[in-house]
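Let's walk through this structure together, starting with strands and moving on to charged pairs. Please keep the model open as you read.

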Amino acid sequence: MSSLTILLVGEGNFSYSAALSRSYPGRNEITATCLHNQEEALRHQGCSDNIQAIKDRGGKVLFEVDSTRLGECASLQGNIFDRVIFNFPHYGRKSGVKKNRQLLKQFFLSCVQLLSKEGEVHVALCNGQGGTPADQPMREWHNSWQVVAMASEACLMLSDVRTFEDGTFDSYKCTGYRSQDKGFHVEKALLHVFTRSLPYSPLLPLQVKEDVEGQGMYYYIPAELSDYIHREFLSPSSVHPIRLVQDFLLKGLAEKYYLSMVTESLPLLLTSKQLQTCCPEIDNKYCYWINPIHTVPTMYSPCNTDIDSVKDTLTSSLDTITDNLSKTHLTSRIDDGVEDRWNKDLWSKASQEVDGVLEGGIDKACLLRPCLQPQMQELLNQEQRKTGHSVRGDGVGGEGSCGSGRAVKDQTEGPCGGLSGTVAGVSGLVFRRVPIQPWSTPAYHQLLLRGVFPAESEPIKLICQCLENLLAPFKVSLTLEEGDLCLTAQPMGLLGLVSSSDVTDDLTHVCVSVSLNLDLLAVLLFSLPDWRMLWSCDTRFLKQFVHCPSPGQPFCAFSLYPQFFSFDISFWASRTWEESGFHAVVREASRGTVVRVKLIDTFSHPDLSQTSYCYRLIYHSHTHALSHTQALKLHSFLQTLLSKRLQVTIR
């Protein structure tokens, strides 16, 4: 504590600063300031002794320092503080809530200029003034000082609220009530602790190169998905909660089964043929279809190809891509005014699916994988061709299992009591083009398990019992719907499916598949407030999982009581307008802060081939400070982006 640099503003008789300085062993780095001049300050009882006590311990005392203009104070120039304290701020006299809100807002905007990167701002308020659920009783929002909203204007988040311990320092005497030498009512007063928020980063299309059917394909990840790529949450060294949940599930299942998890890196792209072969039930409109920007062969035969020409071809191809990128500047900055220089054709390839037919035809099209089933099946087929058979729960070769080849790591062995056998597993990121709703995830980590077992052993029943034992403490229920067993929990809904299918030419065995949404399970098992928390880059998030806590240990939020903002948007669109494109643009423009989109009105003009749509958007964030000003900027940027991307006319 002695290493902290502390700035106190708005002091009256300096009794709190003096008491704080006395609590330090030895000299300290306290700077206590007062709005009044020295003569006025010394009129407070005991002020002279308190000032001397501060100076005796190495502290500084400054007068005529305006807490709303700290950056203009010459004596504070060049100083950075780990903690800024403002106890019981008040505009003065009989001022109303609006003036005190403005005082808080200007103070927060001022103090962040002197606040260290990981510094804290402490604001003590009387019970009820803050306008948070921590106040008991809580005032009506319009009658409070709205301290969270005022702090968010300076990109600060409320990270903690605790009782103001005025009795901690015996010599502390509260003063300044209505600009008098009288104390505030500090009974049940609360200390609000604010910390910095990460800034909002623009979302831009991400260039990726992958091998697809012998071709090196260059393509763009749509902008609204770019923040989900290359995060490595499931890497062996990861302590991310998604990895912790996967380890928890696999450890529980390993008590009944031999598990063979695929460790090979799998491409994000699938071909349309792969999808239709394995998952014909998936609707194309929920897929992210991809148009490649360039393809090059990944293998050349030395017998009929000149090596130098190959090098020239590859160099030329890469130069073309680089040149195209340099000519097209993609930006979505909003801080200094809306600035949009999107290339329409490039964005179409990067951010939109092609309805119906893509370049080259739907049969040759590629898409971001909406599930792992096609890749799981391909791996199993490769293993079967390599070994001549695949391993099943009873040791009999057949379709749907996995041995111990190059694509799997060492098997996790469990006892052979009850139903035992080999279960092949794979996990990875999948993508679904879903509407924006609180628990709809456009990208999530799927855990897919598959095994073939004797039908007489009732494998579905035993697997469900195993999952139920693991997840029942977290209020996960299993229900039968259309022949599949669904894992559900409130409020997120569906968490996974357990299904079975017949094995070809073998009626005595059944193939069992388990598909789980690891993201929603991580939210549930660690009591996260929102699935978007999983994608936070804030170190305060990951620090809570460094020691690999067991599921059930609740997450400690670092942003308390974030606000909701509601904005409506209306526009004219053609009759061929598709809502899925609208949701994609909303995700990108809002930086993921829109948590709900609701269509509230439509109107088709009788004389025009256009329809008017009116949507209500709810902005909310647990990962960043979201102020009214910031939400309005995001919404204004959305209007600009919609008119350029979807050719709609904003009303």
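Two strands are said to pair if DSSP finds at least two bridges between them; strands (E, at least two residues) are DSSP runs, numbered from the N terminus. This is a predicted model, in which local features need pLDDT of at least 70, side-chain atom pairs count only at pLDDT 80 or more, and totals for chains, interfaces and linings use all residues. Residues are numbered from 1 along each chain as its sequence is written, and side-chain values use heavy atoms, with hydrogens and water left out.

Begin with the open sheet, where 3 strands follow the order β11-β14-β12 with antiparallel pairing. Its edge strands are β11 (269–271) and β12 (289–290), each pairing on one side only. Between β11 and β14 (residues 366–368) you will find 3 bridges, and Leu 269 has Leu 368 in β14 as its bridge partner.

Now for the charges. Side chains of opposite charge can pair when their charged atoms come close. The structure holds 10 salt bridges (a side-chain nitrogen of Lys or Arg within 4 Å of a carboxyl oxygen of Asp or Glu).

One of them joins Arg 540 to Asp 538, with the closest N and O atoms 2.7 Å apart. Buried means under 20% relative accessible area, exposed over 50%, and partly exposed in between (1.4 Å probe, protein chains only). Asp 538 is buried at 4%, whereas Arg 540 is partly exposed at 24%.

Another salt bridge links Arg 616 and Asp 568, again with closest N and O atoms 2.7 Å apart. Arg 616 lies in strand β23 (residues 610–619) and Asp 568 in strand β21 (residues 565–574), so this pair ties together parts that are 48 residues apart in sequence.

Methods
Helix = DSSP H or I, 4+ residues; strand = E, 2+ residues; numbered from the N terminus.
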